Amino acid sequence: MHSLEVAAVRKTYRGGATALHDVSFHLTDGVVGLVGPNGAGKSSLMRIVATVARPSSGTVRWDGIDVVAKPHALRKMLGYLPQDAGVYPHLDAREFLRYIAALKGLDPRRTRAQTDELIESLDLAPVARRPLGTLSGGNRQRVAIASALLGDPQLLIVDEPTVGLDPEQRIRFRDLIAALGRDRIVLLSTHIVSDLESSADRILVMAGGRIVADGTRADVVGAHGSLESAYLAHIGRAA
């Protein structure tokens, strides 16, 4: 079982705007939903955890190792899908996934098998040989999701992954994420609360750069009746 510890992380940008205010939490294997309105600080937090950005202060530890000081300790275990993930329009899905696998230094033989598995599980087979630039936004997003899953990452960070997916595709993605969370840490950021109803083991609610609620779905929902109602109540109190 792996461990991700975020301790007193603060992020202040040039000009003085503070995106994160002393954020702290500790995660172990499972699916963790990070939910909050646009501008809550979710993407800033995930970029720091993914070692793409550095905090202004505070620490991030992966299995006890400070990854702010030693980012490569985490990067070889990481799958990261940022909100603005792009694809190469002239490559098809298989070509793109093999290219990303080569950048990650993955074994080519294993990559071929995993590429086929991901294309099948994400229902990409009908469009796998078409240039990515000709695909719909939902199909391109599914290819980007597949690229984050290459190499069987032990920490998977996905930022607004279901944007552009139709309802059936969102259900398939939630089922995939729930299965992946059985033996790794999955941190899933979204402002679509329904994405977490059946997949998240734990919920972190963000507002104004702070964690305003943290617990299991039952803990966070409390007496509110639904996750949607609880979410609105928590961010309303933080406003």
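Student: Which residues line the largest cavity?

Tutor: The model is predicted, so local features need pLDDT of at least 70 and side-chain atom pairs count only at pLDDT 80 or more, while totals for chains, interfaces and linings use all residues. Residues are numbered from 1 along each chain as its sequence is written, and side-chain values use heavy atoms, without hydrogens and water. The lining consists of Ser121, Leu122, Asp123, Arg142, Gln169, Arg172 and Phe173. Each counts as lining because it has an atom within 4 Å of a cavity point, that is, a point on a 1 Å grid in a set where a 1.4 Å probe fits but cannot get out.

Student: What gives the largest share of the lining of the largest cavity?

Tutor: Helix H6 (residues 167-180) does, with 3 residues; a helix is a DSSP run of H or I of at least four residues, numbered from the N terminus.

Student: How does the lining of the largest cavity divide by class?

Tutor: This lining has 2 nonpolar, 2 polar and 3 charged residues. Asp, Glu, Lys and Arg count as charged, Ala, Val, Leu, Ile, Met, Phe, Trp, Tyr, Cys and Pro as nonpolar, and the others as polar. Asp123, Arg142 and Arg172 are therefore the charged ones.

Student: What is the volume of the largest pocket, and why is it called a pocket?

Tutor: The volume is about 470 Å³, taken as the space filled by probe spheres set on the grid points. The name applies because its points form an open set, with protein on both sides within 12 Å along at least five of seven lines. Among its 21 lining residues, Tyr80, Leu81, Pro82, Ile100 and Lys104 lie nearest the centre.

Student: Which members of the largest nonpolar core touch the most other members?

Tutor: They are Leu156, Ile177, Ile203 and Val205, of 45 residues in that core. Helix H5 (residues 137-149) gives the most to this core, with 6 residues. All members are buried, under 20% relative accessible area for a 1.4 Å probe, and are joined through side-chain atoms within 4.5 Å. Of the 239 residues of the protein, 49% count as buried.

Terms used: Helix = DSSP H or I, 4+ residues; strand = E, 2+ residues; numbered from the N terminus. Buried < 20%, exposed > 50% of the residue type's maximum accessible area, 1.4 Å probe, protein only.
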